[in-house]
Amino acid sequence: MSSPSPPAYPLRRVFLLALLGLGAALMAARVVDLQVFNKAFLQDQGNARHLRIVPTAAHRGMITDRNGEPLAVSTPVDSVWANPQELLEARAQWPRLTRLLQLDGKKLEKHLRERSAREFVYLKRRINPDLAQQVLALGVPGVALQREYRRYYPAGEVTAHVLGFTGVEDGGQEGLELAYDEWLRGVPGAKRVLKDRLGRAVEDVESLRAARPGRDLQVSLDRRIQYLAYRELKAAVLTHQARAASAVILDVRSGEVLAMVNLPAYNPNKLLDARGARHRNRAATDLFEPGSTIKPFTVAAALESGRYRPDTPIDAVGGLFKVGYKTIRDVHDYGRIDVATVIQKSSNVGAAKIALALPPQQLWQIFAASGLGASTGSGFPGEAGGVLPPYQSWREIERATLSFGYGMSVTPLQLARAYTVLAGDGQLRPVTFLRAPNDIAPPGQAVLSKATAAQVRAMLESVTTQGGTGTLAAVPGYRVAGKTGTVHKPGPGGYLEDRYLSLFAGLAPVSRPRLVMVVLIDEPGGKDYYGGLVAAPVFSKVMAGALRLLGVAPDAAPQAVTLAAARTTGGAR
């Protein structure tokens, strides 16, 4: 009997062990290949797919008022972006995404296909945090968030025309945001991040460049006075059913703009609700004929000539004065009056006769030196230059009408600056929208003698007292000076008989002028349209509040100013 053959399983075991050993060797070789020979290549491929350089947002500088109150701030928000290729492949999840972001599906598809070669497109910019988290929770492939900043204006439409607003890329578009864009704008940084398959940053790898925030800007506005001016101007527009209105308040000492308001206004936090025309800062960009508010400068030129004194008689008998083929009229027959009464009663005939008695160049020099018809140099974007025709071209009728403000064009800001000459003892100072350092007054340029400025102020004070045209501009406890104006608006073929500008320009307190204010009401629609009835009350209410807010003491010895006082104040040079 033969012995049994050896079992086959040892051979199988050897074979299996050999196969396992070979597999292990191949795996080890592959590991060596990946980790040693192809390491750099594979790292580059991985980085190309998941490592990205992304910008880091830099917030825009804050704008504050003169007291440090915020007027424009940048708040962090999120923007939704997507990888077009990935999002196009995830159409099944579009309905929820478009519903949340209020997007049109067809427009979204077109937007993505036109940019399919890119890896980054915005879907919705600067959304609120709650909505951003809802979008992120959807988990839509290729959709992610990016941190940005949104500009917010706490005062809304109250300061809109001065501050302006920023665009979608956070650059200044209007107003001081545009004028000081380079100062306010931040410089974005950059960092390298690791992203997951959904495009979300899961790890910051390194900072490449630090973001540099914009610089803060302190402007000259006083938010309290700005609110006050806006409130009273809006009330006047509603009361008189006016088309538009503007108001400007300047600090006589420094030339700072303490308030500038326009109506109709807009909310810079909701720009989609505003038409482009509403963005215009009428107080700095819109020209108008200033009417009787120019008469104080005509009288100042007369006093400076040495040929006139406040008590020099003027013949205004009949209330009519024919110049060539034109007839100049007064509202009433004032009879034989003096220079001071020309201002108090606002006599066109008296102003015209004074102007025609002066050399044209002399009148023009006072107008031009006071800044009438020229830009203030404030640096405000779009500020109009105004119109003051050269005296060489003046005909006799133009000399007459220019004396009471027809034939030239100014802005409310220019007119306010001109009145600082009368308030500031004849000195013309620059206008600024920035807070003056340490309240130091900039050097001025002499336009009138101190004596002439004092005489004109006294005449203007008589306008706001009994017998004047601007008694509704009076402020209890303070001596106020100013001038009313009621101007026919130009139209096709000449001046319109039923459309007016109602004006008041004034200063306070007379004993030591601190503030100048100009109020313009465009086309009051009610029965009242005279500047003394429509614009003067706004001046009174705003000026009363502004003086108290600034801590300006009431005049030490308030008293009614008479024409006799105006005639004897100072002496003509």
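Analyst: Helices (H or I, at least four residues) and strands (E, at least two) are DSSP runs, numbered from the N terminus. This is a predicted model, where local features need pLDDT of at least 70, side-chain atom pairs count only at pLDDT 80 or more, and totals for chains, interfaces and linings use all residues. Residues are numbered from 1 along each chain as its sequence is written, and side-chain values use heavy atoms, with hydrogens and water left out.

User: OK. Is the peptide bond from Leu263 to Pro264 cis or trans?
Analyst: That bond is cis, with omega near 0 degrees. Pro264 sits in the loop between β10 (257-263) and α11 (282-285).

User: And what is omega for the bond from Ala508 to Pro509?
Analyst: Omega is near -15 degrees there, and the bond is cis. Pro509 belongs to the loop between β18 (494-508) and β19 (515-522).

User: Why point these out?
Analyst: Most peptide bonds are trans, and most residues other than glycine have a negative phi.

User: Phi, then. What is it for Asp425?
Analyst: Near 55 degrees, a positive value in a residue other than glycine. Asp425 is in the loop between α17 (412-423) and β15 (427-428).

User: Is Asp425 buried, exposed or partly exposed?
Analyst: Partly exposed, because its relative accessibility is 30%. Buried means under 20% relative accessible area, exposed over 50%, and partly exposed in between (1.4 Å probe, protein chains only).

User: Where is Glu523?
Analyst: Glu523 is in the loop between β19 and α19 (531-534). Its phi is positive, near 55 degrees.

User: Buried or exposed, that Glu523?
Analyst: Glu523 is buried, because its relative accessible area is 18%.
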